[in-house]
Structure formats: C-alpha cells, structure tokens
Amino acid sequence: MNNKLTLISWLALGMASACRYDEGLSIYNLSGTVTIPRAAATRSLIDPATGVEREVTDVRLLGPVYIGLYPSLDRTREQFPLPEEVASGEASPYSGTTIGDIRYGCFEFFRCKMLSGRYLSYDDIIDFYTNVLGTPPKDDFENVIEVGQYIQQTCFDLLEVTSDDEIRVLTTKDRNEDGVVDKNDLDFVEDENGDFVGKFEILQADFHPGMVAWGFLDDAEIFRTTREEDGAIVQNMDEFTTCDPTRGYSEGTYQRNYRAGLQATDTLNRPLNYLKNTEAWLSDQGFTWTDPAEPANIVLDVSVVDGKLEMGE
Amino acid sequence: MRSGTFRHLAPVALFVAACDINQSQFVDDVIPGVPSVPDFGALTPVPVADDATPDGLLADIQSNVLYAEIGPTGTSFQSGATASFLGTGSSLCILLDPELVSWVQSVSPTSPLSDFAYPDNIYDDGDLEIRVGQSVFYTGTTGQRLGNFQIRFEDSLGVETTQDKNACVYQGQTPDFPVQFGGRAAFEACTVENTIPGTSYTIALEGFALPVDDARLGFGLVVIEGACTDLSSKLGGTLDDNYARECIIPGEAILPGSPRGARAEAAGFPDLTWLGADEVPTWPGALDFEQSFCNISGDVADRDKLAAYCKREVDAVTEEGTTCSWELPPSLDASDATARRCYCGDLTDTPTGGGI
C-alpha cells in the first residue's frame, strides 16, 4: 500500500513539474498605439449645403492602418523608410495587424470603402457621404439611401444575420467604459494635440528583441468629377488601394453580381506595392521593441503620395 | 532476481522491440526499369506564331509533348520528375497532364448530373503537381531525390525565414487561395512570368499520388512560349474549360513495357519517354475514354460523352461477362477478360440513400 502511495506521489509530482516546463517559445500578446497627425484626417472639401470649399477634419476620412513587425527599417531604397527586405522584395514580417478592417457594406456602392471602427450608426454612414462628401450613397438599384435602417435591414437580409455585431461595420461596444458608446469608442480618438490615436493588439506574436514595429495608413482619397447633367462638381471617396475588389464576400442575389472587396493579401509583405499608388502616412522611426511588456507607440509622421515623399519631420 | 523486477522490465522490452518495426510495407517497391525521379534535361519551348490557328497550334503542341512514366522510389521519399529550360525574356506556359481523368459520381436523387452518373475508376489515376523556379533555388538532386524551391533566409536579427521561390502558380477555381493545385489526375497549366533570358529554370513535378492499381504514373509535359492566358485565347478558350483541356495532352495513360520512343531517343531524352502524341503507346480504350470526358463541354450530340462511354463498359461487364481490374493491376493480355482495364468505376459501389 505504502509503495503504491509513493508511486502515485512521484507520478503527481512529475506531472505537476511538467506543467511548468518552459518550451522556450518567444510568443507574446503585444499591444500599443498608433498616432496619426491631424492632417491625415483633414481635407479641403466643397460643402454640399453651401457650395463653398472648407476644411474638414473627420475620423471617417482615415483609411485602414497596417502594422507589421520587422527585423529593421531600410532607408536606402526610397525617400522614406521601408521594412527590411529579407529576400526578393519580400519583407516577411514576423507578425502584424490592422486598425480598421475592410467590410462589406451590403451595397456595391461601399465596395472597398467601408471600414470597421469608423462609424457609430448607419445614419452616420449616410451623413458622411451625404453631408461631408455631398454624394449620397445609392443601393444596388441606383436608389439613394436616405435612412440608415435600410442599410441595416439589407445587411440582415443578405448576410442572414440578426445583429449589428455580426455585420461588423459599426462600433457598438463601450470600449473606454465611460458608460456611453460615442466617438471616443471608435478606432481612432482625437487626443489633446488634435491628432488621432488608435490602440492595437497583436496576439500571440513572435517576439524578437530589437524588432521594429512599423506601419502605414492607406488614407482615403477624395476625387472630384463634373456631373454631365448640370456641370456640378461631385466629390466621392475612391476605393482603398489596399483593398482587393476581387476578394471578399460574394454577392449574387438577383441582379447583384460583385465581390465586396477585402484587404489585399500582402500589404505587410510588400508595402511598397501599395504605397506607390495611394495617399499614405507612414512611420519614420517605427518603434524598436525590446521588452514585450512595454506598449509600442508608432507615429505615422511621414506623408507619401503615389510613392513620393510629401513632408517629414 | 525477484519476479516483480521482470514485471517492471517488460514494458521497457516492449518499447525497445517497437523500435525495430519494419515499415517497408507502407511504401511501394521500385518497379524494375521504371525510374522514380527521372531528369529529362532541357526542354525547348514550343513557339506560337501570331497567326496560328487553334487546330494548327494544338497539333504543334501535341507533337512536342514529352510523355514519360514514373514509378515508386521504394522509400518514403516522393517520386517525381525534373526538367529544365532557359529563360527567354518573356513569359512561358507549362502544361502538364497526369494520368488520367477523375470525377466525383453524381448521386443526387433530385438533380443528378447525367454526365457523372457513373463512378470513376479511382485506382488508375495519379497526381502530379507543377513547381517551377530558377534552377539555383532548386533544393533537390536531379535524377536522385525530388526537391522544391523553399529557401531559407536569415534577416538582420538572425531570424530564419523560409520563402517559396516557386514561380509558376496554378490559377485554380478560388481566387482567394494563393496556393492551389489541379486535383487528382487533373490537367494543370501555369505561367512563369517574365523569365530571365539565359537563366536556367527547373520544372519539378511532385508525385503527389501514384495510381493504386499498378503504381506506374504516365503523364505529358510541354513548355510553350507566352503566358497561358494568351495561349488559352489562341486555343479558343480550351485551356480554361475544365473538361476540354484534358484533351490538349491526349494519351497519357501509357502502356507499360513499351520501349522509349524513337523521337524521344533522337532528342536525347532518357527512358521511359516518348515525344509527341503520335509516338506515345497508350492503353487500349484510353483515348476514347479521354475524348468522352472532353466531350462533356461541347455541343457534340453525335459523339460519346462520358456517361455513354461508362455505360458501354458496364454493359460489357454485365452482358459479356468480362470483369474489370479496378484496384488490381490490369493485365496487358487482351484475352484476359478477368483483369481488363476499365476507366469507369464499379457501379455496385454507388452510394445509396442513407449510405452517404
């Protein structure tokens, strides 16, 4: 009996010590913030109500932000820093994430334009296009969308879901836990300097001491065209360059036949491919990460337009 | 020594004995005379004239297809084949057709697909996957061991990463998936874009599966100038048709025991190879069967489609009393009615309601 007890004790001790076995994996949940200058969210736009040009700063003008973890930054290839290429044009990031994901807005009008974390309500979406840009959104039958609930119901119908959380376009959570869901719960919140700060997490990331967290903003591009009927100037937002319109949710109900668009697959691996064709803000220094417990702060302080440096600090 | 000691040592003895297991039963033996990882040397891309007609171009391609057979390695290493070509400065299209064709039987009680009413003989099909890259990146040893194009690099922090330098990406049915293959016995085509002039490229054909019945996999391979999309338009869209493209390279079900083709030998290709569709010896009935599969796409009421071909095979079994080899190696002896090579499957294996 004593022998059995001894054996069981040793087995229990062995199993318990096995639970403390260090596998030597350098994997951590990393977190940090991205700071975007106010200029990135500011545009000179024609006021649809008055026809007068005015400066607008709006968080809804911020495109998706891409954050990657790289061995180092390379300043020799372009006028601005890019991640070190490990081989043949590939940066091979250790890990990464985004702040703002490209979503299906349930109408082709929103293809490659709809981001998570930018809107609080469906009326908020209509307000942006109608009252900020002056181009009211249209449904797939060319009818102007005037009521936010129409977007919601269409999403419920096409996606076969029953809640806004499942549509994943709106910010519905009280992220800052102040008791209300408001603009301070969006992905980017204005700080005391007037800049915009967004939080990010990279879960279960490979951590290599000395690696650099670097990122860029694929900013919204506003274009103007002249309407043939009356010669009026029309403003609208272009599709995000980092969105691949051939991917994502496939809509084929009745005469609808399109894909909703989705983030391109190699934005972190080959960022220059996208920076060449968009208005972007990127990080000059990145954040050199030495302690996984320390939150990163990445400042996107360099403006790049179509692959050319615009301004830097 | 007390008997209790033996009791404690018994599990240890079992562990030691377990290490001595012979696992050769899990791999096929080498087939004498059938290479497992042949290297065909340099292939010359088939030129495509601007004014080429679809029929003329197809004939050109078919007369330049390199046919070959591969067998098991006798080890756990994969079989396959390699070939090479020199970059031309423009894109090149690689076409590959492994033996033979495969499909899933349509068993829907409400909306069956008549073309696929009969099952496939899954035992006579194999599968090869194309990978092409600059020869400098190839990790295998030509003629001895199959490799790939996965290269290890070290970044400035000393972290190793692996990059796949395969430059020939098969465009499958799902655009969202970056890596796709044609599937069992399916025709595959891929483009090596903007090849570097004078640079050697290696084609590595990975033997994903050898036929279960005889473990000999026949296939046809050809390199063509220009991108596959251009070739497809010149062929009138045949390359994009899931069924019709199986007939671009016909006759890859190679008859075992045939000597190397004269044209292949003159061109310096090793055993077992044949150059051109006219030269390759094919199992009796294989060409008709392949054509019936290709006919699925076309408006060809006067020609056999797949179901009609399979029905004839089944009729031969039920009415003439012959049998099919299916999972057993087919017989080369035409008079051996018990081991006839059938290309459609065993109809009695059809799943029934409640059995799926």
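Predicted model: local features only at pLDDT ≥ 70, side-chain atom pairs only at ≥ 80, totals over all residues.
Local features were taken at pLDDT of at least 70 and side-chain atom pairs at pLDDT 80 or more, while totals for chains, interfaces and linings use all residues. Residues are numbered from 1 along each chain as its sequence is written, chains are lettered from A and ligands numbered from 1 in the order in which they are written, and side-chain values use heavy atoms, with hydrogens and water left out.

The interface was examined at the level of residues and area. Chain A contributes 17 residues to the contact and chain B contributes 10 residues, where contact means heavy atoms within 4.5 Å. The size of an interface is often given as the accessible area lost when the parts come together. Here chain A and chain B bury about 1,100 Å² between them. Of this area, 51% lies on carbon and sulfur atoms. Buried area is the accessible area (1.4 Å probe) that two parts lose on being put together, summed over both. On the side of chain A, the residues that lose the most area to chain B are A:Val86, A:Ala87 and A:Tyr94. Together they account for 33% of what that side buries.

The side of chain A that touches chain B is made up of 6 nonpolar, 7 polar and 4 charged residues. In this division Ala, Val, Leu, Ile, Met, Phe, Trp, Tyr, Cys and Pro are nonpolar, Asp, Glu, Lys and Arg are charged, and the others, Gly among them, are polar. Between chain A and chain B, 3 residue pairs are in polar contact, both residues being at pLDDT 80 or more. A polar contact is a pair of N or O atoms within 3.5 Å; within protein, one must be able to donate a hydrogen and the other to accept it, and residues adjacent in sequence count only if both atoms are side-chain atoms. The interface holds 0 salt bridges, a salt bridge being a side-chain nitrogen of Lys or Arg within 4 Å of a carboxyl oxygen of Asp or Glu.

A disulfide is a covalent bond between the sulfur atoms of two cysteines. With a cut-off of 2.5 Å between cysteine sulfur atoms, 7 disulfides were found over all chains. Counting bonded cysteines along the sequence, chain A shows the pairing 1-3, 2-4.

In chain A, one disulfide joins A:Cys112 to A:Cys243, with sulfur atoms 2.0 Å apart. The pair spans 131 residues, from the loop between β7 (95-99) and α2 (122-133) to strand β13 (residues 243-244). Helices (H or I, at least four residues) and strands (E, at least two) are DSSP runs, numbered from the N terminus. The S-S torsion of A:Cys112 and A:Cys243 is about -65 degrees, so this disulfide is left-handed. A:Cys112 is buried at a relative accessible area of 0%, and A:Cys243 is buried at 7%. Buried means under 20% relative accessible area, exposed over 50%, and partly exposed in between (1.4 Å probe, protein chains only).

In chain B, B:Cys93 is bonded to B:Cys228 with an S to S distance of 2.0 Å. B:Cys93 lies in strand β4 (residues 92-98) and B:Cys228 in helix α3 (residues 228-234), 135 residues apart. Their S-S torsion is about 100 degrees, so the disulfide is right-handed. Both B:Cys93 and B:Cys228 are buried. A further disulfide links B:Cys324 to B:Cys342 at 1.9 Å. These two cysteines are 18 residues apart, each in the segment after α6 (306-320). The torsion of B:Cys324 and B:Cys342 is about -65 degrees, so their disulfide is left-handed. B:Cys324 is buried at 11% relative accessible area, and B:Cys342 is buried at 0%.

Over all chains, 30 salt bridges were counted. A:Asp140 pairs with A:Arg256, the closest N and O atoms being 2.9 Å apart. This pair connects the loop between α2 and α3 (148-159) with the loop between β14 (250-251) and β15 (258-259), 116 residues apart. Both A:Asp140 and A:Arg256 are buried. A:Lys138 forms a salt bridge with A:Glu142 at 3.8 Å. A:Lys138 is partly exposed at 32% relative accessibility, whereas A:Glu142 is exposed at 57%. A network of salt bridges links A:Asp58, A:Arg60, A:Asp124 and A:Asp127.

In chain B, B:Glu206 bridges to B:Arg131, with closest N and O atoms 2.3 Å apart. B:Glu206 is in strand β10 (residues 200-209) and B:Arg131 in strand β5 (residues 127-134), 75 residues apart. B:Glu206 is buried at 13%, and B:Arg131 is buried at 18%.
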